Amino acid sequence: MRDPNNRQPVRRVVICGGGTAGWMAATGIAKVLGKQLDIKLIESEEIGTVGVGEATIPTLTNFHNVLEINEQEFMAETQATFKLGISFESWRNLKEDYIHSFGTTGIDHWTAGFQHFWHKGVQRGLAGDFGDYCLELKASKENRFAHLPNNGMNYAYHLDASRYAKFLRRLSEPRGVQRIEGKIVRYTRHDNGDVRSVVLASGQEIEGDFFIDCTGFRALLIGEAMDEPVEEWSQWLFCDRAIAVQTTSVGDAVPLTRSMAHQAGWQWRIPLQHRVGNGIVYSSRYLDEDTARKQLLANVEGKTLIEPRVIKFQPCQRRHTWKGNVVAIGLASGFLEPIESTSIHLIQRSVIRLMQMFPSDGIQQADIDEYNNQCNSEINHIRDFIILHYHANNRTDSQFWIDAREMKIPASLQHRIDLFRETGRVFRVPNELFAENSWIQVMIGQGIMPKSHHSTADLMGDEELKAFLGNIKSRIDRTVVQLPTHQAYVQRYCGRPDEGAKAA
């Protein structure tokens, strides 16, 4: 525990590591507190970044609004496209697909969610697919997109992660962030265990009052200096490897991330303006690296632009991501896997949380405890949501999927599944990332159907229910048909000539 009577103001902030995490932290802190702080960011050109976080979720638009980022400039600089959801292919069973979209589905009643009215409609033969009542889902299936009045379309982005870091750097440096080129080789500590300085290979020593560890899986400060352990989750999340590769574009970019399940994990496809990001995520217990690489390359489109890159990871989370005068952000704090594009979101949430609780007047244990409690609560709910995708499956073609279905899952997730299966009800914990509609879409998509619905739905007769459902669907269909294609909209809104990879 820290001595509350020995508080030193925080004025010197040292961000160790660049990449997406480092530069998001630098940009956010400089925007809000830059006039009060001396901010240094240390990164080395010798050390590459993981850089596969190219798909995001809608919360990034809020972060950009806080930073007053011009969307068209950002998208042009990062060669970004829009994203309306994720297409999960063969996750429930072979050749059975569904979309987890970013929109809301139908219209809720104050006593019951739309799924209850839809469930009654299914029973009475009056309802179509659950996704027929979601604008973003229908637009994604038709490869259409446009900004609509009054924030009428929920969306995220596909982006080039390396370009994103460079874009944020250009915003940060005029706001006072000093970038220092160099490789950190060691650190020094105060008598109380806090980090005093980091030392570069050149011999330069950089002191600070507060350190942000963005050193990736290396976790130099939080893991090594502060000796903070991780809570390991491989008993639920089997995948521990990824292989990434970039390819030329061979067709129009679609507003969806594709997630294609295979016998020991899944493969992603992320369309940018200038190329396509691809990768395979798998469990080394069930698939060897050579087979995984061949499987990836056999299932990409276009010419490969780089050599496939292997990334080893452990599904885990630091028990405390803030310890002493060190906060870990990004991969240094832990990693689940990229299935629901949460990596950049968790960086963003850590940055915003830190800005809200920044210890300008001195580090206090109460702030540390609250920060860690919020981080742990958020990551546990995300963990459960990701486990759901694997556990709720009907595949019998490989031991990987059989074992995932038969494993004992966290009690918190089992409760959510039981509640929805028995009653059709879902709930959202305060400040939880994924809203009720996300849980509903994935549970239905993975084959979990409710046995009953709320009695409020029974107050509607067949004609009234048919009109209620039909009006929602018709309104969405009328909107979608008027939207331009996603490719055309991107080119008009933020496209620009680029040296990147177009197919010949």
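In this predicted model, the buried residues of helix H3 are covered by several parts of the chain, including helix H2 (59–66), strand E3 (81–83), strand E6 (156–158), helix H6 (161–172) and helix H15 (486–494). Helix H3 itself spans residues 71–78, and its buried residues are Glu71, Phe74, Met75, Ala76 and Thr78. Just past the helix, Gln79 adopts a positive phi of about 55 degrees.

In soluble globular proteins, nonpolar side chains tend to be buried together. Here the largest nonpolar core contains 131 residues, and the ones with the most contacts inside it are Phe210, Ile329, Leu388 and Tyr390. Helix H10 (residues 365–391) supplies the largest share of this core, 10 residues.

Setting aside residues up to four places away in sequence, Phe210 touches Val10, Arg12, Val13, Val14, Trp322, Asn325, Val327, Leu354, Phe358, Pro359 and Ile363.

Two of these residues, Val13 and Val14, turn up again around a charged residue, Lys40. Lys40 sits in strand E2 (residues 38–43). Is Lys40 buried or exposed? Its relative accessibility is 18%, and because buried means under 20%, Lys40 counts as buried. Apart from neighbours within four places in sequence, the contacts of Lys40 are Val13, Val14, Ile15, Gln178, Ile180 and Ile206.

Finally, there is the matter of empty space. Rolling a probe the size of a water molecule over the atoms shows where empty space is left. Across the whole structure, 2 cavities of 30 Å³ or more are found. The second largest cavity holds about 30 Å³ of space. Arg416, Leu419, Arg425, Val426, Phe427, Trp439 and Met443 form its lining. Helix H12 (411–423) and helix H13 (436–445) are the elements that each give two or more residues to this lining. By type, the lining of the second largest cavity comprises 5 nonpolar residues, no polar ones and 2 charged ones.

Notes. Residues are numbered from 1 along each chain as its sequence is written. This is a predicted model: local features need pLDDT of at least 70, side-chain atom pairs count only at pLDDT 80 or more; totals for chains, interfaces and linings use all residues. Side-chain values use heavy atoms; hydrogens and water are left out. Buried means under 20% relative accessible area, exposed over 50%, partly exposed in between (1.4 Å probe, protein chains only). Helices (H or I, at least four residues) and strands (E, at least two) are DSSP runs, numbered from the N terminus. Contact means heavy atoms within 4.5 Å. A nonpolar core is a set of buried Ala, Val, Leu, Ile, Met, Phe, Trp, Tyr and Cys residues joined through side-chain atoms within 4.5 Å. On a 1 Å grid over the protein atoms alone, a cavity is a set of points where a 1.4 Å probe fits but cannot get out, and a pocket is an open set with protein on both sides within 12 Å along at least five of seven lines; lining residues have an atom within 4 Å of a point. Grid points are joined across faces, edges and corners, and a volume is the space filled by probe spheres set on the points.
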